[in-house]
Amino acid sequence: MKVGFIGLGNMGMPMSKNLLESGYEVVGYDINETSLLAFEQAGGKRARDLADIVLASELIFTSLPSSEAVENVYLGEKGVFASAPSSILFVDTSTVAPELVMRIGQAAEEKGLSFLAAPVSGGVVGAENRTLTFMVGGPKKLLESVSDHLMTLGSHVFHISESYDSGINAKLINNLLIGFYTAGVAEALALAKKSDLNLDFLFNVLNVSYGQSRIYERNYKSFMATGNYEPGFALKLLNKDLRFAMDLAKERGVKLPISEALVELYADAERAGLGEKDMAVLFERIGEQTISFKAEGVAKR
């Protein structure tokens, strides 16, 4: 099958490479020249523009970092919907505003096109290891026609509902929980460190206790223990998703007081210049605030 892939970033690149390794012909497009060169070196063919990728593909995936990028790619004057034939199925794996995927889905129906909103969970590691979870909103019959291709990229595919925004809503709830877990691990281990506990030993203890979680294991083992915060999931992207979740809560009339404080915690870390680092860097930010807090206490005395 001829597959198009728009967005060859941290998630799109490993996903497109996995398609190539599985024998698909893949045409890629990205605004970043370095990404395009890496994609070509992996065996992919670059598209000149969005119209070019539409001509060359039967199935097109998008993996983009923002609502603005997704809107431009799908609904822009030179976007893919402007020239796409009805034979192409579009699958957006980005995490964007729910109202946007509803507009894209409705535009697809008006133009006689096929579209699924299928955000993924699993991060870069999941993209590399083909263990992603797809949360799909849109017509079930379309998902049935593409599920085998999704399973080439992941290990779980869930049809949330026929509503285009349902997969996004599920993903935002997932990421709200990730935000809680990440903050909880960061604060708990900051306290543990100040209590002179060995963090490696503590991990072994808590890993067989109720304090165990996949986020604890991921954040501590892959980032906090090494002090290397090269992003698997950048803090700024989690912050974006948390804001979308709060917008969803407001729209649904649900008051989330703890989540409101959580969003401000991540916003503070992003303002401090940590947005490009992995979300686990929140541990370092809390450590910095602990030092500042202690210094303020000494000054007041």
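Colleague: Which residues are linked in a network of salt bridges?

Modeller: Glu-33, Glu-40 and Arg-46. A salt bridge is a side-chain nitrogen of Lys or Arg within 4 Å of a carboxyl oxygen of Asp or Glu. Keep in mind that this is a predicted model: local features need pLDDT of at least 70, side-chain atom pairs count only at pLDDT 80 or more, while totals for chains, interfaces and linings use all residues. Residues are numbered from 1 along each chain as its sequence is written, and side-chain values use heavy atoms, leaving out hydrogens and water.

Colleague: How many salt bridges does a search of the whole structure find?

Modeller: First, the idea. Side chains of opposite charge can pair when their charged atoms come close. Here the search finds 14 salt bridges. Take Glu-33 with Arg-46: their closest N and O atoms are 2.8 Å apart. Glu-33 sits in helix α2 (residues 33-41) and Arg-46 in strand β3 (residues 45-46), so the pair ties together parts 13 residues apart in sequence. Helices (H or I, at least four residues) and strands (E, at least two) are DSSP runs, numbered from the N terminus.

Colleague: Is Asp-52 buried or exposed?

Modeller: Learn the scale. Buried means under 20% relative accessible area, exposed over 50%, and partly exposed in between (1.4 Å probe, protein chains only). Asp-52 has 15% relative accessibility, so Asp-52 counts as buried. Its salt-bridge partner is Arg-48, with closest N and O atoms 3.6 Å apart. Arg-48 is exposed, at 69%.

Colleague: What about Arg-271 and Glu-264?

Modeller: They form a salt bridge too, with closest N and O atoms 2.5 Å apart. Arg-271 is exposed at 58%. Glu-264 is partly exposed at 41%.

Colleague: Now the nonpolar core. Which residues touch the most other members of the largest one?

Modeller: In soluble globular proteins, nonpolar side chains tend to be buried together. A nonpolar core is a set of buried Ala, Val, Leu, Ile, Met, Phe, Trp, Tyr and Cys residues joined through side-chain atoms within 4.5 Å. The largest core has 34 residues, and Leu-189, Met-224, Tyr-266, Leu-282 and Phe-283 touch the most other members. Helix α8 gives the largest share, 8 residues.

Colleague: What does Phe-283 touch?

Modeller: Contact means heavy atoms within 4.5 Å. Leaving out residues up to four places away in sequence, Phe-283 touches several residues, including Leu-189, Lys-193, Met-224 and Tyr-229. A second, separate core of 32 residues includes Ile-53, Val-80, Ala-84 and Ile-168.
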